[in-house]
Amino acid sequence: MKYEVPRPERQVAMVLDLNKCLGCQTCTIACKKLWNTDTGTDYAYWNNVETLPGKGYPAAVHDPATAGRTTGGEVKRGVLPNLDEGYGRAWTFNHRQSLASAGAEEKIWIKPAGQVKWGPNFDEDQGTGTYPKDNHYFYLPRLCNHCTHPACLDACPRAAIDKRREDGIVLVDQDRCHGYRFCVEACPYKKVYYDHVRQVSAKCIFCLPRIEEGVAPACARQCPGRLRFVGFRDDREGPIWKLVDHWKVAMPLHPEYGLGPNVFYVPPLSPPKLDAAGRPTAEPRIPTAYLESLFGAAVHPALETLRAERAKRRRGEPSELMHLLVAFEWHKNFRLEPRQREVLS
Amino acid sequence: MTAVMKRTVNLMSAPPTMQPGGYVPVAYADRVSPLTGAVEIAVEPMGQGWRVTLSWECPEPVRDIATETDRFVDACAIFAPTDPESPWVTMGAPGQAVRGYLWRADRGEPWQVHAEGLGTMQRAVAVGAQANASWDSGRWRVVFTVPDWPALTSQRRLACAVWRGAAKERAGLKAVSPGWLEFA
């Protein structure tokens, strides 16, 4: 008894340029402070930034074995992450003892209370490869993809998850939710979280109250790197259509699950690997095969386009794509018309 | 008090293929055998109300899931039809509700529940009702004391469900009585 997923009148979307993410976590904190300060979601980050190659957050999120879909898009049983090895428990610190020791001869340093096993960004900046030959990493900011065919919506036996007609934002009705967590299990991106105090599911709402006012989500608006673009899929004057449909340089994460994510990524270019003599080779440090495992085969022509447009700029020629990605005119990163209120100039 | 029903009921797995949505019927299609094989049930009238006792084998009880994201508690429910035609396997149907009580191991008080089909269960405070639970020697024993239960009084039949938390049973993943259990 599958549900009919309502086809939204419009679909709000986001593009993130991974060439510009510096891993500062400003987006993470902007989101966390705005939406997730309750005890039951202490461990949860609707927006997170993970270092790749790495385990991700929760750990193993990029392992198809944890997904509620096969890589061919068929339903299969997914995995519920736990706190110890999946998300990592929120740490508590010995602030009181440390402060009390301020005047003492022997200071007590601030450190986590109890044994720390795992946590978000536990493998931050580790990456992989051998210095200086081919070591590499990049940052992947993640949020709910507000999918066109949401696995979470499909999984809820109480029909407590809805996709809004007016903008395609996927929401949990916490009055209907009974905390069964099939949504968490099914979502390959693990972007639905369980509030273990209120015993209901919770997820990114794409800063719905801001969107309704024509203001970009906090994660995008606060990004110092200006790497996020927000708008509607069907707006041909907006950055989403230009990057996704016109230039085809932005693609969804793990398209193989067939859910139609509405968050897109411009894949990262990288410096060349070095050969045994320390000379640059023709191969990028971030293996294209690895990027393909994240973004699908469309990553190949996207990287070609990015290289070609970058070369044009180096030759002093104009490039509409590079102009857009550099975000010289930042207010053009966000286009939420007809209720646009971003005035940043 | 004389029990109007006291029997051992062999349970069946609630059919996963009937569950709402596209995920559970496929992802849990293998759950065809009940993880709780049988329940002992006793029904006793108590003035205007009822006392219903359920007892079942549970080798690995889960009483609490606080501060965890991947665990589920043990639970059981009893429900009665409000209409002679109320179907049991779907927990009622629109206009043919079932009403009853839900006990969860992490709560002191039971919920009163109302459903008109799969995925429609509403939980509410069960005014005056109690559920006293104990686990001993590998068995749960839950005694519901209900001051007023018109559906059971008028229809004189009920059904029950048991969820084994350790096996991640919740929602439609449960062992249920194979139909309404009737008494004279």
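Helices in this account are DSSP runs of H or I with at least four residues, strands are runs of E with at least two, and both are numbered from the N terminus. With that convention, Pro132(A) falls in the loop between α3 (95-100) and β3 (138-142) of chain A, in a model that is predicted.

The peptide bond that joins Tyr131(A) to Pro132(A) is cis, with omega at about 0°. A cis bond also links Tyr57(A) and Pro58(A), where omega is about -10°, and Pro58(A) is placed in the loop between β2 and α2 (83-87) of chain A. These bonds deserve attention because most peptide bonds are trans, just as most residues other than glycine have a negative phi.

The backbone of chain A also has positive phi values in residues that are not glycine. Phi of Phe206(A) is near 50°, and Cys207(A) has a phi of about 45°. Phe206(A) is located in the loop between β7 (200-203) and α6 (208-212) of chain A, and Cys207(A) likewise lies in the loop between β7 and α6. Are these residues buried or exposed? Phe206(A) counts as buried because its relative accessibility is 2%, and Cys207(A) counts as buried because its value is 7%, the cut-off for burial being under 20%.

Taken as a whole, chain A contains 11 helices and 13 strands. Its C-alpha trace spans about 60 × 60 × 45 Å along the principal axes, and its radius of gyration of 21 Å agrees with the value near 20 Å that a compact globule of 345 residues would have. Buried residues make up 52% of the chain, and among its contacts with a separation of 6 or more, 66% are between residues 24 or more positions apart.

Two places in chain A show such packing in detail. In helix α1 (residues 26-35), the buried residues are Cys27(A), Thr28(A), Ala30(A), Cys31(A) and Lys32(A), and the buried residues of this helix pack against β2 (48-52), α7 (218-221) and β8 (228-232) of chain A. Asn333(A), in the loop between α11 (320-326) and β13 (334-335), is buried because its relative accessible area is 0%. Beyond its neighbours within four places in sequence, Asn333(A) is in contact with residues including Arg226(A), Phe229(A), Pro239(A) and Leu324(A). Arg228(A) is another of the contacts of Asn333(A); the two residues are 105 apart in sequence, yet their C-alpha atoms are 6.9 Å apart in space.

Chain B has two helices and 13 strands. For its 184 residues the globule rule gives a radius of gyration near 16 Å, with which the 15 Å of chain B agrees. Its C-alpha atoms fill a box of roughly 45 × 40 × 30 Å along the principal axes, and 55% of its residues count as buried.

Finally, how many cavities of 30 Å³ or more are there? The count is six, and the largest cavity has a volume of about 410 Å³. Of the 30 residues that line the largest cavity, those closest to its centre are Tyr180(A), Met121(B), Trp163(B), Arg170(B) and Ala171(B). Strands β5 (75-81) and β6 (98-104) of chain B each contribute at least two residues to this lining, which by class has 15 nonpolar, eight polar and seven charged residues.

Key. Residues are numbered from 1 along each chain as its sequence is written. Chains are lettered from A and ligands numbered from 1 in the order in which they are written. This is a predicted model: local features need pLDDT of at least 70, side-chain atom pairs count only at pLDDT 80 or more; totals for chains, interfaces and linings use all residues. Side-chain values use heavy atoms; hydrogens and water are left out. On a 1 Å grid over the protein atoms alone, a cavity is a set of points where a 1.4 Å probe fits but cannot get out, and a pocket is an open set with protein on both sides within 12 Å along at least five of seven lines; lining residues have an atom within 4 Å of a point. Grid points are joined across faces, edges and corners, and a volume is the space filled by probe spheres set on the points. Ala, Val, Leu, Ile, Met, Phe, Trp, Tyr, Cys and Pro count as nonpolar, Asp, Glu, Lys and Arg as charged, and the others, Gly among them, as polar. The radius of gyration is taken over C-alpha atoms; the globule rule is 2.2 Å times the number of residues to the power 0.38. Buried means under 20% relative accessible area, exposed over 50%, partly exposed in between (1.4 Å probe, protein chains only). Contact means heavy atoms within 4.5 Å.
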